[in-house]
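Hi,

Here is the structure I promised to pass on to you. Have a look at it first, and then read my notes below.

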Amino acid sequence: MVDFEVCRGAVIAHRTIRPSDIAVLEKLHLDLFPIRYEPDFFHNVVNGNDIVSWGAVDHSRPDGQSDELIGFVTAKVVSAKDSEIEDLVNVNSSRNDHTLVYILTLGVVNSYRNMGIGSSLIYEVVKYASSISSCRAVYLHVISYNTTAMHLYKKMSFQCLQRLYNFYFINGRHYDAFLFLYYVNGGRSPCSPIEIVMFAVGYVSRGFNSMVTKVWRFQERKICKWMKCKESFCDSV
């Protein structure tokens, strides 16, 4: 485990992740996540191969450690059309250039938590996504038991849109995931709040009518069955 001692006067700064960070980056991922990442992932991060990244460092640390990673976020730009959340983003069907930014990993060393570092790294991703005119949202998945992360994203105005059952398979066990999304550059849900309410009301109404119909049919069957029983009884007498 990578161990850090936090100075009270920590001076946190952000920078891009570099090839020289690969060893620390691998150790941080190993310490913080139950999922094991392939070496290619780390090589792509540090070399910027289709992955963008930001690292957090503490310039107040002594002994040449002031530029060593104490936090990180990795992300990549994906085509909205090729993503699994296309239906959740209101994109122009006649255009194929709309994009999304998917957060791959986010982590902060335990001793540096509750200092706003995670929030500031997420803000870097949102700012980056907002600078891409074709981008409509930032999204990510959170494992169901990580309530701290879910609280952080909700605090930063991410919307929790879906629960994905058995999304992760870790150490022989399935775990659900929650999908969080933050709209940028005019991106929005395909349904307006009013349309969502109307859909919900219609759904409940249809469900109620269906229930009444089923109850009525059930009662009809009971009456018919009772009448047949009565007829049979009379015949037997």
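Strands S2 (residues 52-58) and S3 (residues 69-79) run antiparallel and are joined by six bridges. If you want a place to start looking, Val-52 faces Ala-75 of S3 across this pairing. Please keep in mind that this is a predicted model.

The S2-S3 pair belongs to an open sheet of seven strands, ordered S1-S2-S3-S4-S5-S7-S6, with mixed pairing. Strand S1 (12-15) and S6 stand at the edges and have a single partner strand each, so one side of each has no neighbour in the sheet. From one strand to the next, the twist averages 25 degrees.

Now for a helix: H1 (residues 22-32) lies across S3 and S4, and its direction makes an angle of about 90 degrees with S3.

The other thing to look at is the largest pocket, which holds about 1,000 Å³ of space. Its lining is made up of 35 residues, and Phe-33, Leu-106, Asn-146, Ala-149 and Tyr-153 are the ones nearest the centre. Two or more lining residues come from each of strand S4 (99-108), helix H3 (117-130), strand S5 (135-143), helix H4 (147-155) and strand S6 (159-170). Which element gives the most to this lining? That is S4, with seven residues. By kind, the lining of the largest pocket has 23 nonpolar residues, 10 polar ones and two charged ones.

Happy exploring!

Best wishes

Definitions and conventions: Residues are numbered from 1 along each chain as its sequence is written. This is a predicted model: local features need pLDDT of at least 70, side-chain atom pairs count only at pLDDT 80 or more; totals for chains, interfaces and linings use all residues. Side-chain values use heavy atoms; hydrogens and water are left out. On a 1 Å grid over the protein atoms alone, a cavity is a set of points where a 1.4 Å probe fits but cannot get out, and a pocket is an open set with protein on both sides within 12 Å along at least five of seven lines; lining residues have an atom within 4 Å of a point. Grid points are joined across faces, edges and corners, and a volume is the space filled by probe spheres set on the points. Helices (H or I, at least four residues) and strands (E, at least two) are DSSP runs, numbered from the N terminus. Ala, Val, Leu, Ile, Met, Phe, Trp, Tyr, Cys and Pro count as nonpolar, Asp, Glu, Lys and Arg as charged, and the others, Gly among them, as polar. Two strands pair if DSSP finds at least two bridges between them. Axes are lines fitted to C-alpha atoms, for helices over the stretch in contact, and angles run from 0 to 180 degrees between N-to-C directions. Contact means heavy atoms within 4.5 Å.
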